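Let's take a friendly walk through the charged and aromatic side chains of this protein. Here is the structure to keep beside you as you read.

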Amino acid sequence: MKLSIDSLKQAGAFTGRPVEKEITWTQGDQDFTATVYIRPLGYHTAMTDVMAANGRLDGVAGRIAASICDEEGKPVFTPADITGEADPERGALDGALTIALLVAIQEVNDLGKPTSPAKTKSGASSSSTGSADEQ
């Protein structure tokens, strides 16, 4: 393939429009449900991952800020909004909401991908011989 915008479009190399997801989390004794838009992993998340690897950014906050957007793909949060640094009086994002957002980001980015072998609580594969593809 000759590298061009058209060949990359045909190969599906661009992330496209954000994916709409509904999330639910519990805060205190109250349940909340919200619609969020998630930008599939791409340039924005790659840049935040590089900044996190260089110690210039919190990796989790960067991943959420790079992934959660509005319908047009514009960011909803900055990493400082997630960590609470943007407004110390407001504080960091609620833990349950943080987990709900991370789960939704994972779901959007795993769509259509084959699942890996089941993991045990220790994180080790439950199969000692590897996946069927490796056999």
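## Reading exposure

A residue is called buried when its relative accessible area is under 20%, exposed when that value is over 50%, and partly exposed in between. With a relative accessible area of 33%, Asp49 is therefore partly exposed. Please keep in mind that the model is a predicted one.

## Salt bridges

How many salt bridges are there by the rule used here? The count comes to three. As background, side chains of opposite charge can pair when their charged atoms come close.

Let's begin with Asp49, whose partner in a salt bridge is Arg63, with 2.6 Å between the closest N and O atoms. Asp49 belongs to helix α2 (residues 43-53) and Arg63 to helix α3 (residues 59-67), so this pair ties together parts that lie 14 residues apart in sequence. Arg63 has a relative accessibility of 23% and so counts as partly exposed.

Another salt bridge joins the side chains of Glu107 and Lys21, at 2.7 Å from N to O. This pair links distant parts of the chain, since Glu107 sits in helix α5 (residues 95-110) and Lys21 in strand β1, 86 residues apart. Glu107 is partly exposed, at a relative accessible area of 38%, and Lys21 is partly exposed too, at 22%.

Then there is Arg90, which forms a salt bridge with Asp81; here the closest N and O atoms are 3.3 Å apart. Arg90 counts as partly exposed because its relative accessibility is 48%, a value that is not over the 50% needed for exposed. Asp81 is partly exposed as well, with a relative accessible area of 21%.

## A negative patch

Which residues form the negative surface patch? They are Glu20, Glu22, Glu71 and Glu72. Glu20 is found in strand β1, which covers residues 19-27. Its relative accessibility of 52% means that Glu20 counts as exposed, the cut-off for that class being over 50%.

## The aromatic pair

The structure holds one aromatic pair. Its members are Trp25 and Phe32, which are stacked, with 5.5 Å from centre to centre and 20° between the planes. Why does this pair count as stacked? The planes are 20° apart, and planes under 30 degrees apart count as stacked.

Terms used: Residues are numbered from 1 along each chain as its sequence is written. This is a predicted model: local features need pLDDT of at least 70, side-chain atom pairs count only at pLDDT 80 or more; totals for chains, interfaces and linings use all residues. Side-chain values use heavy atoms; hydrogens and water are left out. Patches are made of residues with over 30% relative accessible area and no salt bridge: like charges are joined within 9 Å, nonpolar side chains (Val, Leu, Ile, Met, Phe, Trp, Tyr) within 5 Å. Accessible areas come from the Shrake-Rupley method with a 1.4 Å probe; for residues, only the protein chains shown count as cover. A salt bridge is a side-chain nitrogen of Lys or Arg within 4 Å of a carboxyl oxygen of Asp or Glu. Lys and Arg count as positive and Asp and Glu as negative; His and the chain ends are not counted. The place of a charge is taken as NZ of Lys, CZ of Arg, CG of Asp or CD of Glu. Helices (H or I, at least four residues) and strands (E, at least two) are DSSP runs, numbered from the N terminus. Buried means under 20% relative accessible area, exposed over 50%, partly exposed in between (1.4 Å probe, protein chains only). Rings of Phe, Tyr and Trp (its six-membered ring) pair if their centres lie within 6.5 Å; planes under 30 degrees apart count as stacked, over 60 as edge-to-face and the rest as tilted.
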